[in-house]
Protein chains: 2
Amino acid sequence: MTRNANIRDEARQVDVRPPAVILCEPQLGENIGTAARAMANFGLTDLRIVNPRDGWPSEKARAAASRADHVIDKVQVFDSVEAAIADLTFVFATTARSREVPKPVRGPDEAAQKSVSLGVNGLATGYLFGRERWGLNNDEVALADEIVTLPVDPDFASLNIAQAVLVCAYEWRKTATGGALPFRLSPEENPPASKDDVVRFFEHLESALDGVTFFRPVERRPHMVRTLRNIFQKAELTDQEVRALRGVVAALEKRQTRPRKDEETGEA
Amino acid sequence: MTRNANIRDEARQVDVRPPAVILCEPQLGENIGTAARAMANFGLTDLRIVNPRDGWPSEKARAAASRADHVIDKVQVFDSVEAAIADLTFVFATTARSREVPKPVRGPDEAAQKSVSLGVNGLATGYLFGRERWGLNNDEVALADEIVTLPVDPDFASLNIAQAVLVCAYEWRKTATGGALPFRLSPEENPPASKDDVVRFFEHLESALDGVTFFRPVERRPHMVRTLRNIFQKAELTDQEVRALRGVVAALEKRQTRPRKDEETGEA
């Protein structure tokens, strides 16, 4: 847990009830742990396990969770899927292959929208994940409201449980926070240059280039000036970057008037 | 590789040049392998490694790739990031923490849009991933056009390389295919019921309920009928489901007229 004062508030604040993750008869404690780690990265904490093969608690799960102890500590174990989802109001069954069931099939992004739209009202949703080898059976899928599957390459579909949990959890948090990232390019720390400063830099550069008769033939000057200005406009320069560029031009101007041997090969 | 005739064409067909994934000085072969597996799930095949600590080829990488041999076989090894990205036109640097660089910071979804918009024109893009322990250094970030970071919970940010690759690859494929899933609820296999059939089922149910004087008091009948009809409207019934429901009503009607002892406790 790294706290960082520079983190944007909207990336931290989530006023939406996160979904539960229900693992159905997982075989390996390691998979439970990596699922918990995937959840924790995106703010999910409610992990439920139905009949874990190797029992519970699991030291392998805790080790694989990589410090997601707050998820592991709260794990609930159930002896049936019905019991594990009893308090939820909307359940997604994740499956990697088509089922013979006439139930809506959603992508993780669509599922996240549904989960968040219920979660903003405090309603509890959940994602059901199947066994390592053969997923969920049809009776378990029948307990769910909708099916979730991932937009994988059909010719190489080989996601493990924690990877499927990761993508669902990622989409949930992205939707719940409106895509808020922990950090962005900050206009406070990197104020964009004013147009006045940018134009003065342009004029400085162009006058330096005039000094070395760079613009030849002279009737091409307007076109070449526009080319150069467009290059720097695209860079969306900051205050500090304009100062750096003016320093570069000044240094090159100086070099032209007082060449020194050890600068001959440099590019400033 | 499981080929399935039921897979939808739009989930298979991707006419966009996929991005390269560049791993910078990875320590563990296992992480290279799990990154390759993550890529393969979403149709990425161009994996490049800069100075892998334990050399290349790596049997650990191949084992962890879980059948993504087509990615492992094509891996290219470089001795600098500059060489690894030389043929690309747009590069994202993935970082988990804010940098002191005035460079745009994107989510994986925004990065995917950029990569796809270049990739539809056949232009090569790439995602640069850093070392297990401390990511990319600032010189490496300076080689990239933009920064990508994931919308993790800032209070528990602990994604490994393969997890970050997975989310970026997922967003890329989702964008490139317009969110096409390998399967959806198929209207051909599960044709929705016609309104005529649905209304006839309603009338059948309501007449059966009239037969047992279910609607009491009778002035409440219109309201109760609407309640029942709304329930079944929400279910978006298929042809086959309407037939099943009519069978249920018929069976219950029969039971009312000819009760048998062994049916007394059943709920049909």
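Me: Is B:C24 buried or exposed?

Reply: Buried means under 20% relative accessible area, exposed over 50%, and partly exposed in between, with a 1.4 Å probe and protein chains only. B:C24 has a relative accessible area of 1%, so this cysteine is buried. B:C168 is buried as well, at 4% relative accessibility. This is a predicted model, in which local features need pLDDT of at least 70 and side-chain atom pairs count only at pLDDT 80 or more, while totals for chains, interfaces and linings use all residues. Side-chain values use heavy atoms, without hydrogens and water.

Me: How many disulfides does a search of the whole structure find?

Reply: A disulfide is a covalent bond between the sulfur atoms of two cysteines. The cut-off here is a pair of cysteine sulfur atoms within 2.5 Å. Over all chains, the search finds zero.

Me: Which domains does the assignment give for chain A?

Reply: Domain bounds come from an automatic or database domain assignment. In chain A, domain 1 covers 9-176 and domain 2 covers 195-263. Their C-alpha centres lie 56 Å apart.

Me: What residue classes make up the lining of the second largest pocket?

Reply: Ala, Val, Leu, Ile, Met, Phe, Trp, Tyr, Cys and Pro count as nonpolar, Asp, Glu, Lys and Arg as charged, and the others, Gly among them, as polar. The lining has 16 nonpolar, 14 polar and seven charged residues.

Conventions:
Residues numbered from 1 in each chain as written. Chains lettered and ligands numbered in written order.
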